[in-house]
Every structure is written in C-alpha cells, then in structure tokens.
Amino acid sequence: MLRSRRFRSLRIIILLIALFLVAMNTWLSSVRIQSWQRPVWVVLYPINADGQADTQMYINALSAEHFDDINRFFAREAGRYQIGLNPVTEFHLAPPLDVQPPEIDIQAGLAERVFWSLSMRWWSWKHDNWQGPKPDVRVYLRYFSPRENQQLSHSLGLQKGMIGLVNGFASVDYMGTNNFVIAHELMHTFGASDKYSLETNEPIFPDGYADPQQKPLLPQTRAEVMAGRVKVSPGWLLIPKSLDDVIVGPLTASEIGWR
Ligand SMILES: [Zn+2]
C-alpha cells in the first residue's frame, strides 16, 4: 500500500518535472524569437492529406523556393518596423510525412483544445523525420486535391509548442493563398492574435484593417495578416491571393516584439 502510494508520488513528480521543462523550453524559444537577433528557423513538413495521386505529384515537386515569398514578406514588413534582421525567417523542407496529425474541431471546448495541443506536440515529436538542426517552429502542411471541391478545415498555429498546422490545396493556383495562411499561422507561433470576428470572419476595426485611416474606408485593397481577409464592401470579403497584398499592422507588430 505504502509502496504503491510512493510510486504514484514519484510518477507525479516526474510528470511535473517534464511539464516544467516543456514550459521552460517554450518560454525560452518565444523570448529568443521575440528578440529578433537571428532568423527564425522553420521546417515545413508536407503531408498528403487525402491520399490522391495528384496531391502526391504536387508534393513531390515542392522545393523550399516555393515558399520564398513568405521570406520576402517577413523581410519587407520587419524592415518597415526598423528590425535590422534580413532574412527574418529561413525555410527548410522536410521529406513528406505519411502519417496524419491529430484532428480538432474548431468549436472544441477548452479541455479538448488542451488535450489536442498536448497530443499534437507528442505526435510532432514522435514523427519528426527532419535530419537537420533543431527548428524553432515546425509547420505541417496538409495538402488536399483541388479537384475534390471540398471546404478545408481551419488551419492552426500553437504559440505554446511552436507548431503550425496548415490545410491547403495542392495546386500552383493556390500557392499564394497557402503561403499567406502559413505566414498567418507562423505569426501565431510568434505571439500574434487573430484580428477577425470568429462569428462573421469580418476583419475587426481598426486593428484588422490594413488601411484603417483610408477615406472612404471601403473598399480596402490590402489585408492585415492576422485579419485574414480584405473587406471590399459590406458583405464582401476576399482572401488575399498573395502576400504582396498583406501587411503587418501596428498591434500585431507589438505582439511579436517588433515595436
Ligand atoms: Zn489565426
């Protein structure tokens, strides 16, 4: 009886130490990233999410250069905030993974989210096929065939855990939009918050607008990276086709330590 109780206490202590180490590690990486002293190392892991042959062909043809406009976006926007770092990000492409990450419903409650976030980190550790130096952030790219005409589920970025999960279409036509979603989820791992309404998808005024001072206010022509959409007119929202039309607004810049 006494022995089993002692054993249980020992297990709890080990678990607490492990959780403490994970928390310390996360805290240290966000402090390091937010000091912007050296480029953030990002490893991208492509995954064939629907098992289609055309999805696989697209994945096989991917190379790190296909993500260059995300580098250009971060360098351009960091420059506007006088961050003397160029490049700001460095992308590396891991070999394709043939396992699927744990899923979560966007409506999930707090307990489910915590559980998912822990299982995601466990999954990421267990299936890491990257041979190079340890990345600051890992982004899993789940690709789907555009021919299936389906609605993609939400992409996610975990600041605690430095993990992004991006759903995208496996087609060059969607490359610009996919890169925009990757930039958005990366910003979450750097500490940025969403700037759109979860109910209506509308950008929140003023922080979710790229040009909140513009008169007249609409149509907006560019997106704030954490708002995700451009408000053209009442009821008309557009997802940017490329990062050329996306900016980092002042509030987002403060959240990630650029101001
Ligand atoms: Zn978001």
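Predicted model: local features only at pLDDT ≥ 70, side-chain atom pairs only at ≥ 80, totals over all residues.
# A first look at a three-domain model

Seven bridges join strand S3 to strand S5 (residues 163–169), and the two strands run parallel. The protein chain itself is divided into domain 1 (1–35), domain 2 (39–191) and domain 3 (194–259), and the C-alpha centres of domain 1 and domain 3 lie 39 Å apart.

- Strand S3 covers residues 137–144, and eight of its eight residues are buried.
- Side chains in a regular strand alternate between the two faces of the sheet.
- In S3, Val137, Val139, Leu141 and Tyr143 point one way, while Arg138, Tyr140, Arg142 and Phe144 point the other way.
- Towards S5, the bridge partner of Val139 is Gly164, and that of Phe144 is Phe169.
- S3 also pairs with strand S1 (residues 40–48), in the parallel sense and over seven bridges. Here Val42 stands opposite Val137.

**The whole sheet**

- In what order do the strands of the open sheet lie? There are five of them, in the order S2-S1-S3-S5-S4, and their pairing is mixed.
- Strand S2 (89–93) and strand S4 (156–158) are the edge strands, each pairing on one side only.
- From one strand to the next, the twist averages 25°.
- Helix H4 (residues 110–126) packs on this sheet and touches S3, S4 and S5. The direction of H4 makes about 85° with that of S5.

**The largest nonpolar core**

- Which residues touch the most other members of the largest nonpolar core? They are Val139 and Ala183, out of 53 residues in that core.
- Several elements each supply at least two residues of this core: S1, helix H3 (68–80), H4, S3, S4, S5 and H5.
- H5 gives the most to the core, with seven residues.
- Why does this core lie between domain 2 and domain 3? It lies there because domain 2 (39–191) and domain 3 (194–259) both give residues to it.
- Ala183 touches Ile70, Phe73, Val225 and Leu243, leaving aside residues up to four places away in sequence.

**Helix H5**

- Helix H5 runs over residues 175–190, which makes 16 residues. From its first C-alpha to its last it reaches 22 Å, close to the 22 Å expected at 1.5 Å a residue.
- Is H5 mostly covered or mostly exposed? H5 is mostly covered, with 13 of its 16 residues buried.
- An α-helix has 3.6 residues a turn, so residues three or four places apart point the same way.
- Just after H5 comes Gly191, which takes a positive phi of about 115°.

**A hairpin to finish**

- Strand S7 (residues 230–233) and strand S8 (residues 236–238) pair in the antiparallel sense over three bridges.
- Val230 has Leu238 in S8 as its bridge partner.
- How many residues sit between the strands of the S7 and S8 hairpin? There are two, and Gly235 takes a positive phi near 80° in this hairpin.

Note on methods
Residues numbered from 1 in each chain as written. Domains from an automatic or database assignment. Helix = DSSP H or I, 4+ residues; strand = E, 2+ residues; numbered from the N terminus. Expected span 1.5 Å × (residues − 1). Buried ≥ 20, exposed ≤ 12 C-beta atoms within 10 Å, placed from the backbone. Pairing = 2+ DSSP bridges. Axes fitted to C-alpha atoms, helices over the stretch in contact; angles between N-to-C directions. Contact = placed C-beta atoms within 7 Å. Core = buried A, V, L, I, M, F, W, Y, C linked by C-beta atoms within 7 Å.
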